[in-house]
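Hi,

Here is the model I said I would send over.

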Amino acid sequence: MTLLEVKGITKRFGGVLAADSVTFSLESGEMLAIIGPNGAGKSTTFNMVGGQLRPDSGQVLLGGEDIAGEPPRVIWRKGVGRTFQIAQTFMSMNVVENVQMALISLRGQTRSLFSRASALHRDEALALLDSVGMADLAGRPVSELAYGDVKRVELAIALASKPRLLLMDEPTAGMAPKERAALMQLTADVARREQIGVLFTEHDMDAVFAHANRILVLVRGRIIAAGTPEAVRANPDVKRVYLGESGVKAALAARRQKHEAGLA
Ligand code: ADP
Ligand code: MG
C-alpha cells in the first residue's frame, strides 16, 4: 500500500491561498522533495501532513487511513516523525543521554528520569546513534559538537519513534555546504535501509537534485511540476517560473559563493 497519499489538500489564510488542491503520493523508502520559492506553501503543506494545520479540504491518507485534521501527537503515534532542534536545556547533556531522554519520553517513563536514567534504554540509544554514525561521540556533551553532528543527533532522536514517514522542513538550514551534503546523504541512506519515506524541503538545489527520488515544484500554493530530478530539471515551466528566474539564480549563486568563502 502507498505510504502517503495526499489528495487535494487546500489551506487558505485570509486572502492567501497557501495550498491549492495539493496532490501527491510517497512510497516507503522514497525521498520526495518539495521545492519552490519563499511563500510557495511548502511549510503549509508539511504542517497539514504533520497535523500542525488542519486542511480546509482534502485528504491525507497514511497507509490508507485519513489523518487530515488529527492532532500532531496522534499523527506522530501513527508513525509520522519530524526532526526537532535539540532544546538549549539539553545541550549540556551528552549525546547518548539526549537519545535516552527521547526514548524515555516516548515511552511515558518520565517519572523514572531522575533515578535510573543513566542506564535506561542505553543500548537502544547507542544503536540509534550507530545508525547515524555518531556512536563514537556518544559521551560528548552536545554543546561541544560541530553543527552537522548536532543535526545527526537530531536525526537519531527523530528515528527513535521508528517513523514510517519522516517530515524534514529545511533540515539543513544554517549548515555549510559540505555538512549539508553529508546530512542529506545520511538521511537518504537511512531512508533506504529502514524503508522510511522522507518528505523534505531544501533551499540547496544541489542537495535536492542529488538526493531526491522525485521532486514536487510548488508555486503560489500549486504544484506546477512533479517527477524525477531529470524530468523536473528539463520542465520548461520549472525553468521559467523557478530555476530559470534570473533573480533566483543570482541569489543562489551569491549564497553559494558566500558559503564557500566562509568555508575556505
Ligand atoms: P514556504 O514554506 O513555501 O515558504 P509557507 O507555507 O510558509 O511557504 O507560506 C505560504 C503562504 O501562506 C505565504 O503567503 C505565507 O505568508 C502564508 N502563511 C503561512 N502561514 C500563515 C499563517 N499562519 N497565517 C497567515 N498566513 C500564513
Ligand atoms: Mg517554509
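How many Å separate the centres of domain 1 and domain 2? In this predicted model, the answer is 27 Å, taken over C-alpha atoms. Domain 1 is made of two stretches, 2-79 and 163-260, while domain 2 covers 91-162.

**Where the domains meet**

On the domain 1 side, 18 residues make contact, and they touch 13 residues of domain 2. Together the two domains bury about 1,200 Å², with 66% of that on carbon and sulfur atoms. If you want to find the spot quickly, go to Trp76, Pro163 and Leu186: within domain 1 these lose the most area to domain 2, and together they make up 36% of what that side buries.

What about polar links across the boundary? I get zero salt bridges between domain 1 and domain 2, but three residue pairs are in polar contact there. As for secondary structure, α2 (72-77), β7 (165-169) and α7 (177-194) each put at least two residues into the side of domain 1 that touches domain 2. Of these, α7 gives the most, with seven residues. Sorted by class, that side of domain 1 has 12 nonpolar residues, two polar ones and four charged ones.

**Helix α1**

Next, take a look at α1, residues 42-50. This helix is mostly covered, with eight of its nine residues buried. Just past the end of α1 comes Gly51, which has a positive phi of about 100 degrees.

**Salt bridges**

There are 11 salt bridges in the structure. I went through three of them, as follows.

- Glu5 and Lys7: the closest N and O atoms are 4.0 Å apart. Glu5 is partly exposed, at 29% relative accessible area, and Lys7 is partly exposed too, at 37%.
- Lys11 and Asp56: here the closest N and O atoms are 3.6 Å apart. This pair links distant parts of the chain, since Lys11 sits in strand β1 (residues 4-13) and Asp56 in the loop between α1 and β4 (57-62), 45 residues apart. Lys11 is buried, with a relative accessible area of 12%, whereas Asp56 is partly exposed at 46%.
- Arg107 and Glu124: their side chains meet in a salt bridge at 2.8 Å, N to O. Arg107 is in the loop between α3 (95-106) and α4 (113-116), and Glu124 is in helix α5 (residues 122-131), so the pair ties together parts that are 17 residues apart in sequence. Arg107 is partly exposed, with a relative accessible area of 37%, and Glu124 is partly exposed as well, at 28% relative accessibility.

If you open only one view, I would start at the domain boundary, with Trp76, Pro163 and Leu186 on the domain 1 side, and then move on to α1 and its buried residues.

Cheers

Key: Residues are numbered from 1 along each chain as its sequence is written. Chains are lettered from A and ligands numbered from 1 in the order in which they are written. This is a predicted model: local features need pLDDT of at least 70, side-chain atom pairs count only at pLDDT 80 or more; totals for chains, interfaces and linings use all residues. Side-chain values use heavy atoms; hydrogens and water are left out. Domain bounds come from an automatic or database domain assignment. Contact means heavy atoms within 4.5 Å. Buried area is the accessible area (1.4 Å probe) that two parts lose on being put together, summed over both. A polar contact is a pair of N or O atoms within 3.5 Å; within protein, one must be able to donate a hydrogen and the other to accept it, and residues adjacent in sequence count only if both atoms are side-chain atoms. Helices (H or I, at least four residues) and strands (E, at least two) are DSSP runs, numbered from the N terminus. Ala, Val, Leu, Ile, Met, Phe, Trp, Tyr, Cys and Pro count as nonpolar, Asp, Glu, Lys and Arg as charged, and the others, Gly among them, as polar. Buried means under 20% relative accessible area, exposed over 50%, partly exposed in between (1.4 Å probe, protein chains only).
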